[in-house]
Amino acid sequence: MVRRHKRENSDTLLTRMTLTTPRYVGIDLGTTNSAAAVFDGEQVTAVRNAQGASLTPSVVRIDGRGNITVGARARRYLERDAKNTRGEFKRLMGTSQDLAFASADITRKPEELSAEVLKSLRKDIEDQFGFAPQRAVISVPALFELPQNAATSEAARLAGFEQVELLQEPIASALAAGWSAEESAGSWLVYDLGGGTFDASLLETRDGLLRVIGHDGDNFLGGRDFDWAIVDWLLAQIKQQTEVELSRSKPEHTAAITRLKQLAEEAKIELSRNESTEIAIIELPVPGGDPLDLEVSLDREMLETLCLALVDRTLDVCTRLCKTHGLDPGGLHHVVLVGGPSVMPIVRRRVQQVLQVAPTEGLDPMTLVARGAAIYAATAGLDARPESRPEPVPESQRVWLQHPAMSSDLTPHVVGKLVDSEPDKAPGEIRVLRSDGLWESPWTEVDEEGAFVLSVTLIPRRPNIFRIEGRRGPEQKVAIEPPTFTIVQGLTISDPPLSRTVGVALANNRVRVYFERGAPLPVRRTFNLRTVETVPAGSEECILKIPIVQGEFDDAHLCRLVGSLELRGEKLKQHLPAGAEVEVTIELDRGGRMSARALVPSLDQVFEQVAHLLVPEATPEVLAANLEATQQRVIELRAEAFQAKIISAIGRLNSIESRLASLETDVAAAAGGDTDAAQKARRAFLELDAEIEQIELDKRWPELEEEARETVIWASATIADFGLPHEAKLLTDTAKAIEQAKNNRDALELQRQLRLLARLGSTASLRHPHAWHHRFERAASKADQATDLVAAQALVKEGKVAINKDDVPALRRITQKLWQLLPDDPEDRKLGHNSGVR
Amino acid sequence: MQQQQTDPLADNPFFVLGLAPDCSRQEIEREGQKLLGLLELGLSRAATYQTPLGPRERTPELVRGAMAELRDPKRRVVHELWADVAQATSVAHERAEQAQASPGEAPAWTDVWQLFDWRAP
């Protein structure tokens, strides 16, 4: 054993020595299957596992002795040993759901199971390439929520990766397709139908730049839903042939349903190649009865009938995405199909019919995402090789280099800075030489900050290795550390866009938007907020919450709570009074991982622990109540829509109603113990709530138009009187945007623009000579409701003195303090995720 | 650290990247990458950029945002217009200062009504 270990180490060392150029690793951590790929700057190679397959089922088994099995071997037990074998845990990532393994009497979190899959892939890479990767890019669905991203990063950490970046799956697919395409210019649609989710992304390549134009998707639609459609059909067949009635909502039928689902999946795959198949149901367990044996025939025509509505739902998403970005389906140049279910003939056929372009051939839909992730690792400079630390050359000068790891540009810049340089030993000039000896830069002077900027020339479509040289005088060479660097010439990828708006919920149930949807990642932003209540130091009960939400709505309660910063009394150095300033910073990295911090300047204290970064629980009782309430709301809205003759609302309500019907199945399955169905239902309700809210907003359209008219009149008059020239120009811009929102009848956008206009008008109005006088009068009239009555009364008194003295700066300071003491509506605060700031 | 307010003049992506409105797409990528490198290394030459409203602090977020804006052809056109407006009215800064000194004398804004097909009040 020891010898073997030594041999492996020496092999690894040998391989590392021969790996002179970086290796980049990409991993597709899928719901059903996972895959990995390695990119060397020229070629992308799919990683084979011990069984020689490029796909590893995302299934983990833990037996009674605690032995862990991953992949195809574990998958064999999914049906016959369901209590000790788990699959599809990706759907539960970011939830607090513990998954039990009965024989070993242990539970594991979804990220711990994902870590086992990652470990297995890491081992496969080591076996095939001779090194255990330390860094990698892992793909995640574009619509993953922040807690799900955080759980994925945690899984990678548990699997032993030192550093990972997350990448949205559609970008990975397009990157892989763009890399392999001969002629890649034009618009791309990536149609990614995975096991549990559907993503459609619109991209564009031009001059070597791959840009994400936008994406859309359905978090509740995947190949699994096709399987369930077959299962429901099978249940009807069983009832017809044997009169045995099995149901997904009964926990005692779980074993039979699991078996049927596996048979359904196999039949679906079989029917991608053949016109018909026989489904042999053998010894299907029936509680309280004899096991069932029967054979059912399923042909492709029936399968397509069962799945057509689901396929068309994916195409509705695609056409909506194209329409949003002003593109007719005929304007698409390429469609790339990704994911196992996309190999179904009906998918290819309907895609071609609806999108009017044939899917790109020759790409492996199963490993495309992993390949793209590996290429992306190169653009991010994420060399997977273990860090080798060669002895530095004595007297060498360290430099800190900045350059693109991958670039479409043939002459990118390289920026460098000397580190810890001593004046008499530092080089005065630097140059770089390409390893093929055919190109070198001129000697470039190091400036007074110890920095230099060089332009390098790349050979297309390959890794370019450069050597760096330094000299102090014409004859005195200085060794540079690191002595070489690599740039791969290929594609430039634009920064990934944020998939949903992120902000902080405020105590008045509004949202302070930090980053708008589409903002290029990474991003970081700080806002000064104010506390709305006093938090006594040392108090264990008093916690001031700063909820972080994701969503496109103005009202916080419609957005999803994705994390919460907590200022706990027990951790405070001193009392934190109401109205105290808190600097809240939110940061998202390129993969959408979030970190947040709150600095309280008056106490010089920082709070960084983001609590409750979890997808909320979904209990069957709550789901059932939600279902009933939503159904009722739809009935009421429909009646109102008929009365008011709002045809568009009726259409949308019909669509919601049909989705509610399929949700009923999930809610029933949740009652039967299916936690996955419960999470799916929970997210579906959030989406439906948002849509219903949009319909209600549309109902208010005449009011909104009136509000728009009034706000424009007020802002125009104010800016005309007190505005600056650039505010007048901003007014023109906003007015145009308002007009466009009105033409598109886009209530959300209209609201957003009205907010901007109100801010603009409000800024200008502050130049009114009596602006602060009026504001003070308004605040003073509510002083009797203040959170600190004594302080408010004192401020009112001070304000009156300031008015008498005509001391505007003092009046402004006093009014602002007074505002901070005025309370928010408790009901609003509750809705705003109990926010303690505004 | 309060995020500075965005301003279509001062935060115009062409100013942030220090490029002319007729620059090529490749130049945007090249210059953006260079500025991000310089900012990462904390070098003074990238710390500020010039605008008609005076010099402004340059941050990696502003550079990335500027690159993203100019990669989108539709949004680039808008920024080209703003950059041209700013350059054509090179006295914008002085005008702003004058207006601030005497707000009552700022030019009235009446054309907005036409945008809405409304009559001026």
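This is a predicted model: local features need pLDDT of at least 70, side-chain atom pairs count only at pLDDT 80 or more; totals for chains, interfaces and linings use all residues.
In chain B, take the contacts, meaning heavy atoms within 4.5 Å, between residues at least 6 apart in sequence: 62% of them join residues at least 24 apart. Chain B has six helices and two strands; these are DSSP runs numbered from the N terminus, with helices being H or I of at least four residues and strands E of at least two. Along the sequence the pattern reads α-α-β-β-α-α-α-α. Of the 121 residues in chain B, 45% are buried, where buried is under 20% relative accessible area, exposed over 50%, and partly exposed in between, using a 1.4 Å probe and protein chains only.

Residues are numbered from 1 along each chain as its sequence is written, chains are lettered from A and ligands numbered from 1 in the order in which they are written, and side-chain values use heavy atoms, without hydrogens and water.

Now the nonpolar cores, that is, sets of buried Ala, Val, Leu, Ile, Met, Phe, Trp, Tyr and Cys residues joined through side-chain atoms within 4.5 Å. The largest has 51 residues, and those touching the most other members are L189(A), Y191(A), L260(A), I281(A), L332(A), V335(A) and L355(A). Another core, of 36 residues, lies apart from it and includes A35(A), A37(A), A172(A) and A378(A).

Next, a helix pair. Helix 7 (residues 223-242) and helix 9 (residues 300-324) of chain A pack at about 135°, axes 10 Å apart. Axes are lines fitted to C-alpha atoms over the stretch in contact, and angles run from 0 to 180 degrees between N-to-C directions. Helix 7 of chain A contributes D225(A), F226(A), A229(A), I230(A) and W233(A) to the contact, and helix 9 of chain A contributes M302(A), L303(A), L306(A), C307(A), L310(A) and V311(A).

Last, backbone geometry. Most residues other than glycine have a negative phi, and most peptide bonds are trans. The bond joining E481(A) and P482(A) is cis, with omega about 5°; P482(A) sits in the loop between strand 26 (480-481) and strand 27 (484-489) of chain A. From L521(A) to P522(A) the peptide bond is also cis, omega near 5°, and P522(A) is in the loop between strand 30 (511-515) and strand 31 (523-530) of chain A. E283(A), in strand 15 (residues 276-284) of chain A, has a positive phi, near 50°.
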